[in-house]
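Here are my notes for a colleague who is starting out with this entry. Please keep the sequence and the 3D view open while reading the points.

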Amino acid sequence: MKSPPVVFTKQKTMLLKFIVVLLAGCSIKKSNFFCNYPFATPEVSPHSSFSVIHSSLEELKLDGYLNFTNIDHAAKDFGNRYHFLPSAVLYPTSVSDISSTIKLIYDMGTSSEITVAARGHGHSLQGQAQAYQGIVINMESLRVPRMSFQGGEKPHVDVSAGELWINVLHESLKYKLAPKSWTDYLHLTIGGTLSNAGISGQAFRYGPQINNVYNLEVVTGKGEVITCSEDQNADLFNGVLGGLGQFGIITRARIALEPAPKMVKWIRVLYSDFPTFISDQEHLISSEDSFDYVEGLVIINRDGLLNNWRSTFSPKDPVQASQFKSEGRTLFCLEVAKYFNPEEADTMDQKIDSLLSKLNYIHTTLFLSEVSYVNFLDRVHISEMKLREKGLWDVPHPWLNLLIPKSKIHEFATEVFGNILTDTSHGPILIYPLNKSKWKNGTSLVTPKENVFYIVAFLNSAIPSPGGKDGVEDILSQNTKIINFCERAKIGMKQYLPHYSTQEEWKAHFGSQWEVFAKRKSLYDPLAILAPGHRIFKRLVALQSP
């Protein structure tokens with residue numbers, strides 16, 4: 001096995017301290033640690049517990065390698081609030097590297113406490129891709145199979161789950177093709193978004209990314225390598241899609257493609273009346289003739305809003321736009337886009353004018369931009385580069401993503417945008433409707449019961465103030481107020497990219513789907529080895545006699 005030198009340092013000391021604390025009653029007063037194990041942790045020395053699995057791992061014949069040092073990066077993620085150090089990081093270059101590692105741990109049964117987490121591009125928010133004193137698999141190391149494209153009636157690409165969506169975009173465009181459904185940020189792995197859902201402004205038409213997959217290759221919690229689809233091992237296929245990594249690690253996916261456009265007309269308009277705003281959004285997602293992308297933003301008490309847009313957009317009426325005042329107001333931005341090719345340019349403006357004529361926005365706030373298809377889809381990365389230059393990207397991101405049923409969106413908006421929030425200075429708030437009829441049934445993804453529901457995403461960044469305070473606690477307090485209101489008012493919301501601390505909360509989240517979810521766990525990962533960072537199931541370990 002190819003492996004760098006192994007050095008045991010503070011990890012083993014940490015393991016001993018961890019065992020002592022567990023035996024003392026699991027009462028760690030740290031906001032980022034959850035402890036509710038149903039089994040007593042075996043009282044073993046650090047040399048007998050991990051050293052057994054370590055020596056076995058060293059004997060594995062891997063195409064890649066395991067690293068036991070320089071692994072601090074695996075205890076970090078985009079959320080930048082949870083930091084659980086693993087014992088090792090696997091850098092696989094073949095699917096067998098992943099399956100043999102998991103099978104080794106599975107074969108040790110309940111005598112081992114080792115867990116395994118698949119890490120993509122590190123964009124989790126609350127440690128979901130971390131494995132405390134376990135093994136983190138660096139999925140970006142897995143680049144097999146190489147991307148393979150197929151045309152015809154159902155064009156598709158076979159791609160490693162460790163590949164980034166941005167790379168799939170660039171390679172697909174060489175064949176004048178592209179995936180149908182996207183996320184707003186493309187520097188994420190295939191397996192990462194498919195384990196959640198993958199939602200963006202195209203989802204009203206094509207559904208989320210998990211709708212647009214023909215088949216998968218999955219390594220289960222037993223180390224089995226299984227190919228699955230709607231027609232083959234369908235239960236695993238449906239379970240893994242949106243399954244939060246609980247039933248298996250996706251290693252390959254076959255993604256549906258469509259002909260790719262070259263250009264995009266990108267448009268923003270403002271509303272001051274919330275009912276009018278959502279009425280227009282719902283009209284757009286239900287119309288056959290509509291835009292190709294529909295999203296929205298909530299903007300509260302922002303100075304110079306339209307002037308800030310001028311770096312990307314051009315106002316239809318510059319004079320009127322310059323006189324528009326956003327200070328002290330709650331406004332709602334409709335963001336839409338229409339895809340086209342250069343030969344359609346002459347008729348595209350007419351089509352857009354026709355679509356806009358049916359909407360009731362503030363006409364002095366119409367802003368337009370024409371960009372390439374790639375630049376439109378990769379727009380968040382462009383903003384990322386600017387923030388990185390200023391040192392403002394690697395800050396805590398206490399995000400909150402909610403799915404709100406249509407029948408409750410007015411009540412939700414009145415309380416949250418009218419009372420709980422006083423500004424949107426911490427980051428954007430996305431809001432746009434989704435049509436459940438376009439979504440695949442039977443996956444593990446949980447949504448509200450109504451056919452139309454809204455995603456409301458509070459994408460906050462805890463940027464340090466001049467005094468040095470980062471504002472994390474204030475943002476978390478705000479998030480708690482929003483969640484408490486939803487529960488008190490019986491809004492019927494569901495969290496997207498969910499995070500809970502107890503299994504009871506997870507049961508409430510899944511509702512009637514919990515029984516199927518738990519059954520799949522017992523079938524495909526009976527020892528609960530996989531994805532411990534979600535804190536849904538506890539690793540099965542044996543009780544040791546006193």
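1. A residue is called buried when its relative accessible area is under 20%, exposed when over 50%, and partly exposed in between (1.4 Å probe, protein chains only). Because its relative accessible area is 74%, Ser-512 is exposed. Ser-512 lies in the loop between helix H16 (503-510) and helix H17 (514-524), where helices (H or I, at least four residues) and strands (E, at least two) are DSSP runs numbered from the N terminus.

2. This is a predicted model, in which local features need pLDDT of at least 70, side-chain atom pairs count only at pLDDT 80 or more, and totals for chains, interfaces and linings use all residues. Residues are numbered from 1 along each chain as its sequence is written, and side-chain values use heavy atoms, with hydrogens and water left out.

3. Strands S8 (residues 213-220) and S9 (residues 225-229) run antiparallel and are joined by five bridges, pairing being defined as at least two DSSP bridges between two strands. Together S8 and S9 form a hairpin with four residues between them, and Gly-223 in the turn has a positive phi of about 90°. Across the pair, Glu-217 stands opposite Thr-227 in S9.

4. A nonpolar core is a set of buried Ala, Val, Leu, Ile, Met, Phe, Trp, Tyr and Cys residues joined through side-chain atoms within 4.5 Å. The largest such core has 83 residues, of which Leu-194 and Leu-216 touch the most other members. A second, separate core of 47 residues includes Phe-291, Val-336, Leu-421 and Ile-483.

5. Cys-333 counts as buried because its relative accessibility is 0%, and Cys-486 is likewise buried, at 3%.
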